[in-house]
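This briefing walks through side-chain contacts and strand pairing in one protein model. Please keep the sequence and the structure in view while reading.

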Amino acid sequence: MQTKFTIQYGEFAVAQYLSDNIKNASVFVPTSAQEKGIDLLLYKFCSGVNLVNTIQVKMSRAYRHPNKRYQNMLWFNRFTPQDNADWFILLGLYAQFPSEPDTPSKAIRWEEIMLAFKNKEMKHFMEEVRFKSDPERADKMFGFSFNSRDEIRQTRGYAEERDMSAYLIENRIKEIENSFK
């Protein structure tokens, strides 16, 4: 029997996070590639009504810079946000290295960091992605840097570095939970 669909790790990680953190909701994975811009459906049945949030996931692995100001950096390609996604989740996968320098590699833990944007916020964010050296020109990439899970900064794609910690998914989980249509 041939596999009909697969799920990418980023979508799996977001689905698991939402399942663990939003009460009385289920995560559905579209099995058809026909619906561009939707990777997950967050579903809730409330007072006899089906409520849904559509989610698009973008993923980056983290690049490690141990001698720089920030140890981890995420790079994303600029994209055009689809109208049919209610939320955009940007996910970074990074290695949490032990503090002991000679620790075996199997002791490295892999963790995720996620930023959540509403559709309108993501469109506005993408309009602002510009080169620092030439703010009139759109940059083809944008990036975030961080040292820990509770603070993240946009370090590429904007005129100056800016704090994006308010968009960390754990800071927006109640908003996601209350945004069903």
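In strand E6, Lys 118 is the residue that Trp 87 stands opposite; strands here, at least two residues long, and helices, at least four, are DSSP runs numbered from the N terminus. This is a predicted model, in which local features need pLDDT of at least 70 and side-chain atom pairs count only at pLDDT 80 or more, while totals for chains, interfaces and linings use all residues. Residues are numbered from 1 along each chain as its sequence is written, and side-chain values use heavy atoms, with hydrogens and water left out.

**Strand E5 and its partners**

- Ten bridges join E5 to E6, and these two strands run antiparallel; two strands are taken to pair if DSSP finds at least two bridges between them.
- Strand E3 (residues 49–64) is joined to E5 by seven bridges, and these strands run parallel, with Gln 56 standing opposite Phe 88 in E5.
- Because nine of the ten residues of E5 are buried, the strand is largely enclosed by the rest of the structure; buried means under 20% relative accessible area, exposed over 50% and partly exposed in between, with a 1.4 Å probe and protein chains only.

**Salt bridges**

- The structure holds twelve salt bridges, a salt bridge being a side-chain nitrogen of Lys or Arg within 4 Å of a carboxyl oxygen of Asp or Glu.
- One of them joins Asp 83 to Lys 123, with the closest N and O atoms 2.2 Å apart. This pair links distant parts of the chain, 40 residues apart, since Asp 83 lies in the loop between strand E4 (72–77) and strand E5 (87–96) and Lys 123 lies in helix H2 (residues 119–128).
- Asp 83 counts as exposed at 63% relative accessibility, whereas Lys 123 counts as partly exposed at 29%.
- Lys 118, the residue opposite Trp 87, also meets the side chain of Glu 175 in a salt bridge of 2.8 Å, N to O. Lys 118 belongs to strand E6 (residues 109–118) and Glu 175 to helix H3 (residues 169–177), so the contact ties together parts that are 57 residues apart in sequence.
- Both partners are partly exposed, Lys 118 with a relative accessible area of 34% and Glu 175 at 31% relative accessibility.
- Glu 121 forms a salt bridge with Arg 172, the closest N and O atoms being 2.6 Å apart. Here helix H2 contributes Glu 121 and helix H3 contributes Arg 172, so parts that are 51 residues apart in sequence are tied together.
- Glu 121 is partly exposed, with a relative accessible area of 22%, but Arg 172 counts as buried at 5% relative accessibility.

**Aromatic rings**

- A search of the whole structure finds eleven aromatic pairs; rings of Phe, Tyr and Trp (its six-membered ring) pair if their centres lie within 6.5 Å, and planes under 30 degrees apart count as stacked, over 60 as edge-to-face and the rest as tilted.
- One of these pairs is Tyr 9 with Phe 12, whose ring centres are 6.0 Å apart and whose planes meet at 50 degrees, so the pair is tilted. Both residues lie in helix H1 (residues 9–21), three residues apart, about one turn of the helix.
- Tyr 9 counts as partly exposed at 37% relative accessibility, as does Phe 12 at 41%.
- Phe 142 and Phe 144 have ring centres 5.9 Å apart and planes at 85 degrees, so this pair is edge-to-face. Phe 142 is buried, with a relative accessible area of 0%, and Phe 144 is likewise buried at 0%.

**Charges over rings**

- The charged end of Lys 58 sits over the ring of Phe 79, 4.6 Å from its centre, where sitting over a ring requires NZ of Lys or CZ of Arg within 6 Å of the ring centre and within 35 degrees of the ring normal.
- Arg 162 places its charged end over the ring of Tyr 158, 3.6 Å from the ring centre.
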